[in-house]
Amino acid sequence: MEQDGAILSIMIDYVTDFADQADILPVVLTVACIMGLRGWWQGMYVWSVVVGLTLGTMLLLKIAGLYYAWLTQGVVVSPSGHVASACVAYGGLLVLLLRRQLVRYPVAMLVPLLVVALVIGYTRLQLQAHTMGEVIVGALVGCIGGMALGMKCGPVPPSLWGYLLPCVLCIAMLFHGFHMGAEVTIRHVFSPEELFPTHL
């Protein structure tokens with residue numbers, strides 16, 4: 001039983017590391033570059049804007065959580081950036097891959113997005129990195145981003161995938177295991193205690 005628990009723990013760590021910003025950001029940049037190099041400018045623009053807005057939204061929510069805790073003297077609320085990032089990046093790629101089948105029924109785009117959200121959300125809960133509410137908020141933001149991506153990107157050139165999928169896989173594996181420490185950086189840079197040390 002202990003051995004099974006250790007194996008499960010290793011698998012959870014392995015999966016959740018794919019959603020760290022140190023892995024997500026190179027993947028996002030790689031996707032945008034390949035879209036541009038293959039001449040799919042609309043896709044590159046929509047991808048860059050949607051992913052940027054999703055990550056920016058999560059940053060603002062995390063900052064808001066810091067100030068909420070500071071003002072109420074409560075616990076810091078930190079929506080899951082891992083879930084949101086994986087949802088919009090990996091889930092978004094699945095949506096693009098299946099877009100021809102899903103575009104007639106836009107709500108069906110939620111299926112691949114929710115699968116990614118559930119997998120990464122499970123790992124974050126098992127690692128006790130987030131509460132259920134924080135995971136749900138991250139999933140909500142990521143799913144909105146993924147839906148926007150699928151609705152606004154336009155038809156996906158079939159030839160794109162021969163370049164995109166191998167490159168994304170290689171980059172994701174190359175940067176897997178690296179940790180950016182985004183949460184710690186956010187709390188340090190935007191700490192209300194540091195910015196407003198006289199608050200009572």
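User: What makes L169 count as exposed or buried?

Analyst: This is a predicted model, in which local features need pLDDT of at least 70 and side-chain atom pairs count only at pLDDT 80 or more, while totals for chains, interfaces and linings use all residues. Residues are numbered from 1 along each chain as its sequence is written, and side-chain values use heavy atoms, with hydrogens and water left out. Buried means under 20% relative accessible area, exposed over 50%, and partly exposed in between, using a 1.4 Å probe and protein chains only. L169 has a relative accessibility of 54%, so this residue counts as exposed. L169 belongs to helix α8 (residues 161-174), where helices are DSSP runs of H or I with at least four residues, numbered from the N terminus.

User: Which words apply to W70 and F175 on that scale?

Analyst: W70 has a relative accessible area of 11% and is therefore buried, whereas F175, at 29%, is partly exposed.

User: Why is the pair of Y67 and W70 called edge-to-face?

Analyst: Rings of Phe, Tyr and Trp (its six-membered ring) pair if their centres lie within 6.5 Å, and planes under 30 degrees apart count as stacked, over 60 as edge-to-face and the rest as tilted. The ring centres of Y67 and W70 are 5.8 Å apart and their planes stand at 90 degrees, so the definition gives an edge-to-face aromatic pair. The two residues are 3 apart in helix α3 (residues 41-72), which means that about one helical turn separates them.

User: What makes the pair of F175 and F178 tilted?

Analyst: The centres of these rings, in F175 and F178, are 6.3 Å apart and the planes meet at 55 degrees, so the pair is tilted. The structure holds 3 aromatic pairs.

User: How do you know whether α2 is roughly parallel or roughly antiparallel to α4?

Analyst: Axes are lines fitted to C-alpha atoms, for helices over the stretch in contact, and angles run from 0 to 180 degrees between N-to-C directions. Angles under 35 degrees count as roughly parallel, over 145 as roughly antiparallel, 65 to 115 as roughly perpendicular and the rest as oblique. The axes of helix α2 (residues 21-37) and helix α4 (residues 81-97) cross at roughly 30 degrees and come within 10 Å, and that makes α2 roughly parallel to α4.

User: Which residues of α2 and α4 make the contact?

Analyst: Contact means heavy atoms within 4.5 Å. Among the residues involved are I24, V27 and V31 of α2 and A86, A89 and L93 of α4.
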